[in-house]
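Student: I would like to learn how to read a few features of a structure, one after another. Could you show me the case we will be discussing?

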Amino acid sequence: MILAIETSCDDTCAAVVTTRGDIRSNVIASQGLLHSRYGGVVPEIASRHHLELIDAVTADALERGGTALDEVETVAVTRGPGLIGALLVGVSSAKALAAVRRLPLVPVDHLHGHVVASTLAPEPIEPPYLALVASGGHTFIARVDDPSTYDVLGQTLDDAAGEAFDKGARLLGLGYPGGPAVDRLAREGDPAAFDFPRSAPGELDFSFSGLKTALLYTIRGLGEAEAEHRRPDLAASYQRAIVDALVSRTRAALDREGVRRLAIGGGVAANSELRSAIRDLGVPVWVPPLELCTDNAAMIGGAARFLRPLPYPKYLALDATARAV
Ligand code: KG4
Ligand code: ZN
């Protein structure tokens, strides 16, 4: 039985996962509303709320998982990348929980968690597979031959796909987080109305910052009244450009690698257009339920299954890291 903790951004998460990959519980306390009035995540506010919530969220995960603390054999925690103050709350809490019971601890790379989320029950994906991970903080395509690690084949050179959705939403006068709002508005618009750029910085890499600028200039060019009137078309065309970029690089990666299985993850995997477009690639696609796509601790416990734990007291000196591990 693995108790996993994840606090890399603005969600306080704890989960109980078995070594076979069954999810006993997956508790997510979202701080989203707290940050929405600022138009983005405020790191200091996130850290403070993690501190207030972490004990209750952990207790809740154990209770919902029907698991006593005595039954936990391993503690897993996100070590990075993420907001350093936020990560520190999870790492400190996990170290304390493990140390008092002399349990082993597994430090997990947050991105590894996203990459292997689809290896959890009930229908685990089998390597070799490719994973497209697109969220507010990261966008990349990885190859997995052995789930204890992954190779990044391509990634964004500037903004993440979710960030592009959020920034575009702001330009369109929609709230934060912008992805769901753009997704909704796009349904009423024509995706071919505007031709936004699909930049191709490399065979398998992404670039989204030019797209956001193109939207800004298009809105300015239309003038306030016309831009307001064309908002659904703008949203639909903008979303189409992001989805096209994600799908075309994924297709190129599948072709180049000769891999026939694909998993998607990250908050942008909630996008309705991406979810349908990705199914047209002609390979079996694992689209996990939303709570396994967005940040969660079950995926961290999931990754921990494939990693070697640090024995007590070796992990007492473990530090969180804001950059990729
Ligand atoms: O994985 P996540 O919850 O947190 C990060 O690790 O960033 O992803 C959040 C991102 C936000 O940028 C949000 O706008 C985007 O996922 N998102 C969406 C949708 N739902 C969430 N983007 C497009 N369409 C959606 N339906
Ligand atoms: Zn994430």
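Student: Which backbone atom lies 3.0 Å from an oxygen atom of ligand 1?

Tutor: A polar contact is a pair of N or O atoms within 3.5 Å; within protein, one must be able to donate a hydrogen and the other to accept it, and residues adjacent in sequence count only if both atoms are side-chain atoms. Here a backbone N or O atom of G267 is found 3.0 Å from an oxygen atom of ligand 1. Side chains take part as well: a polar atom of D166 lies 2.6 Å from an oxygen atom of the ligand, and one of D183 lies 2.9 Å from a nitrogen atom of ligand 1. Of the accessible area that ligand 1 has on its own, 550 Å² (Shrake-Rupley method, 1.4 Å probe), the protein covers 86%.

Please keep in mind that this is a predicted model, in which local features need pLDDT of at least 70 and side-chain atom pairs count only at pLDDT 80 or more, while totals for chains, interfaces and linings use all residues. Residues are numbered from 1 along each chain as its sequence is written, chains are lettered from A and ligands numbered from 1 in the order in which they are written, and side-chain values use heavy atoms, with hydrogens and water left out.

Student: At what angle do α5 and α7 pack?

Tutor: Two packed helices are described by the angle between their axes and the distance between the axes. Helix α5 (residues 161-171) and helix α7 (residues 209-222) pack at about 10°, their axes being 10 Å apart. That makes α5 roughly parallel to α7, a word used for angles under 35 degrees.

Student: Where is the cis peptide bond with omega of about -5°?

Tutor: Most residues other than glycine have a negative phi, and most peptide bonds are trans. In this model a cis bond joins G80 and P81, and P81 sits in the loop between β4 and α3. Another cis bond, with omega near 5°, runs from A121 to P122. R102, which is not a glycine, has a positive phi of about 60°.

Terms used:
Axes fitted to C-alpha atoms, helices over the stretch in contact; angles between N-to-C directions. Helix = DSSP H or I, 4+ residues; strand = E, 2+ residues; numbered from the N terminus. Parallel < 35°, antiparallel > 145°, perpendicular 65-115°, else oblique.
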